[in-house]
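Hi everyone, thanks for coming. Let me put the sequence and the structure up on the screen, and then we can walk through a few parts together.

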Amino acid sequence: MSKNLDPHSINYKFRDLKVYASTEWLADNKKKYRQVFDRFETTYIYAELSFYNKLFDEEDWDLELELKCFSLKRGRKEICSLPFKRKISKFDNVVYIREGWGNQKEGAFWKKGTYYWEAWVEGEKVATKYFYIEDVGKNNNTEGNPYIDIKSLKLYEGSFDDRPEYERVYYNSFNQEETRYVYVEITLQNLFTDKPWQCELFTKFYNNSRELKGQIIRLQRIEKSDDIIKITAGWGSNVKGSWRKDSYSAEIIFMDKLLAVIPFQVGETFIEGNPGILFPDKQTTFIQEAVQENESFEDVMAKLDALIGLNSIKAKVRDHASYIQFLQLRKNKGFKEKDEINVHSVFSGNPGTGKTTVAKMMGKLYLKMGLLSKGHVHEVDRVDLVGEYIGQTAPKVKEAIEKARGGVLFIDEAYALARSNDDSKDFGREVIEILVKEMSNGPGDMAVIVAGYPKEMKHFLDSNPGLKSRFKMFFEFSDYLPQELIKIAKYACVEKGVELTHPAKEKIREIITEAFRNRDRTFGNARFVYDIIEKAKIQLGLRIMALEQPNNLNKNQLSSITLKDVNSIDLKKEKQLPEIPIDKELLDNALEELDHLIGMKNIKQQINEMVQLVRYFQESGKNVLNNFFLHTVFVGNPGTGKTTVARILTKIYKALGILERGHMVETDRQGLVAGFVGQTAIKTAEKIDEAMGGVLFIDEAYALTSTNTGGHSHGDFGNEAIQTLLKRMEDKRGEFFVFVAGYPDNMEEFLKANPGLQSRFDKVLKFEDYEPSSLNDIAHQMFQEESLILDIKAAEHLKNYLNYIYEFRDKYFGNARTIRSIVTKIVMNHNLRLSLMPKEDRTGIASKTITLEDVIDFKTDKDDFNFSNKKTIGFKGISGSPKSG
């Protein structure tokens, strides 16, 4: 059957519904799309429906569609209904349907109000598009634009989420390597204050070749009371380097008229200031705004004082500035100071405490005091400074220093540059040495500010003898108090254009207070508060858009966050664990695999009992994860089967539906602990993420808390891994399990090292050394895998030897690993013996039989023992004789 004859098939895919008024054709079959029109400039309003043709290049087909227009003035009223029957050509990949309604005389048909087009295809509504008619009056005497007047245009850099106004630094030139989004801050004066109206502003970014780089459309309702309107529009990418060195311009367009052009450069460095603005419709075509350099020292200090909280920081900054001014005064009076004025600082504090904001103000203060030539801030971290290979680090550091020259080099999380004191191989040390040299005898005109967690910053400063002495100012940024966080929430509301109802405000206060009480060093402070307000705004938006006619709501309704919105915030997402039925075949196979293991009677019994309990809880409808942690400790000497059983137990958990994926990620201390402070948590978290839905198996887990022979404690970094592990085991309960394994004595110390460990691991599997009979069975099993058998004398000799090494075993005895080594040696002896035989004699049963000659090397003579302090696993494979530690 042909596709278009199938009544159930849909031969199109909806693309877009747009609105326009001008019949002028643009490139690529486009029109001048808009949503806001002036009544006395409008004749017809058109709808453009576009869709993809699924039968492109196959066949023509027929389509029935209808475009309807409605007015929302005094309720919903149909303006027109335009039905069509169209023949869709197989040569059209994208199909455009354009129809309009109105009158050829401007202002004759359309009146002020809200309207919308509906598109119906084959009896089904596929899209709705709103548009607005504004009426400022036919005989308005206002020269130029009767709606708005541009008061200022400023440019700043930011991320995808924009930047709060108090953090904005305005530039006329941007650094090509550091720029993400270029934002235009548009300040307008509302000239039409008779009625509320819709303002639609287009911001288009062009390169020097007049190629369109990007376009941002802002649609905003303007109230009568809005005297000044602020709108921001940015283009770029969160990935630095998306801009190229070039001359650019941003054009501001309103109702198809170009209002202003603001040029800017992207080059080597950021240059503060406000570029000139081109006004095409004014006689004076180029107006240069006042540059921010007029900002005085006291203006900067006033901005610092206006920040919420940070009272001790403000006082210290002011004292620091006063002392510098005192030194400058002495210098002007002829005093000679032994040391140069030191402007390098250490900022220690938790995230979101204002370190970056204050650093930017320090740059401006130093600029106003004549200590720096530019006052800008160049922000970097370890990734920006440390190279991957020998010889790459120094050029990166020197490049960062030159970019910061004249301003502030702000190194966030600077502690990541300092690895453990006994690690001399990290390139971060090279960064520190270059910085020390620069701060000691470099050309100057630069302030270095390093920032990070308090404890880690102390370690950072102690990592190099000359580093601490280069910093004279130490600023400790305390966590914001609840009352300060509540003020920040109020400020965040202003920034995001929302208001809190009284019940919502009280709930936000409650959330902030509770978060403050339960905070740890990762508490986000101001970032946490901004995140709450942003989430509440999202819930407001979802609630509004669920209403039947959201366009009829007023500005207050569109900005009021209610208690319901705040209660809808998902502060602590609890992941819904999947309900996976028991895989009986996989369970039977896993239990059979367990049963076939030699020995381990107690282990098998414990696991079988656990399986029965879990199945009972599942059949009773009880929550397994609320009654069992299922995190397990595997205790035993080497070669006792810990890893093998861990893999089987993982399969059992998967078969029971407890694990989502059922894989096992094997690691040890090296896979969790990094060589420098602050990075262990990241490395551990990555390994946990890899194990999510399965099991994280940590072999020799006691190494996370042990002390090495040199006296340096591994605990600092190892404990960071344990803390990260414990937190994720609690936060991600039921989403993954942790198996830890190691020697009996060491694992006991491991579990006692942290109070949280013993409570998390509710199951301990103790693996005893194999009995001689089990060791003998394991050996015969390994020979079977090699398709070999032992004759009576060889079997008897091997049995006696295994009894002998078991009797004299120590705590390093390798159990099955020792058997593997013995079997490997015997097989090698067997092959050597065969290689000396004539080829015709290497056939039949003789070639598959281990004889006494193959095992005779393994002696049971006590005189062969070599008592020394060397710790071994109890078997020396070369001579075949045991060696005890």
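This is a predicted model: local features need pLDDT of at least 70, side-chain atom pairs count only at pLDDT 80 or more; totals for chains, interfaces and linings use all residues.

Averaged over the protein chain, pLDDT comes to 84, and 90% of the residues score at least 70. There is also a stretch at residues 707–715 where pLDDT is below 50, and the model gives this stretch eleven contacts beyond near neighbours in sequence.

Now to a sheet. Five strands make up an open sheet, and if you trace across it the order is β28-β29-β30-β27-β31, with parallel pairing. Which strands stand at the edges? They are β28, residues 664–667, and β31, residues 761–767. Each of these has a single partner strand, so one side of each is left without a neighbour in the sheet. Going from one strand to the next, the twist averages 20°.

Let's zoom in on one pair from that sheet. β29, at residues 695–698, runs parallel to β30, at residues 737–742, and four bridges link the two.

For an antiparallel pair, please turn to β12, residues 197–206, and β13, residues 212–222, which are joined over ten bridges. Here Trp197 has Ile222 of β13 as its bridge partner. The two strands, β12 and β13, form a hairpin with five residues between them. In the turn sits Arg210, with a positive phi of about 65°.

Asp445 is not a glycine, yet its phi is positive, at about 55°. You'll find Asp445 in the loop that connects α6 (428–441) and β23 (447–452). Then there is Met600, also not a glycine, with a positive phi of about 60°. Met600 belongs to the loop between α14 (584–595) and α15 (601–619).

So, buried or exposed: what does Met600 count as? Met600 counts as buried, because its relative accessibility is 12% and the cut-off for buried is under 20%. Asp445, with a relative accessible area of 30%, is partly exposed.

Terms used: Residues are numbered from 1 along each chain as its sequence is written. Side-chain values use heavy atoms; hydrogens and water are left out. Two strands pair if DSSP finds at least two bridges between them. Axes are lines fitted to C-alpha atoms, for helices over the stretch in contact, and angles run from 0 to 180 degrees between N-to-C directions. Buried means under 20% relative accessible area, exposed over 50%, partly exposed in between (1.4 Å probe, protein chains only). pLDDT is the predictor's confidence in each residue, from 0 to 100. Contact means heavy atoms within 4.5 Å.
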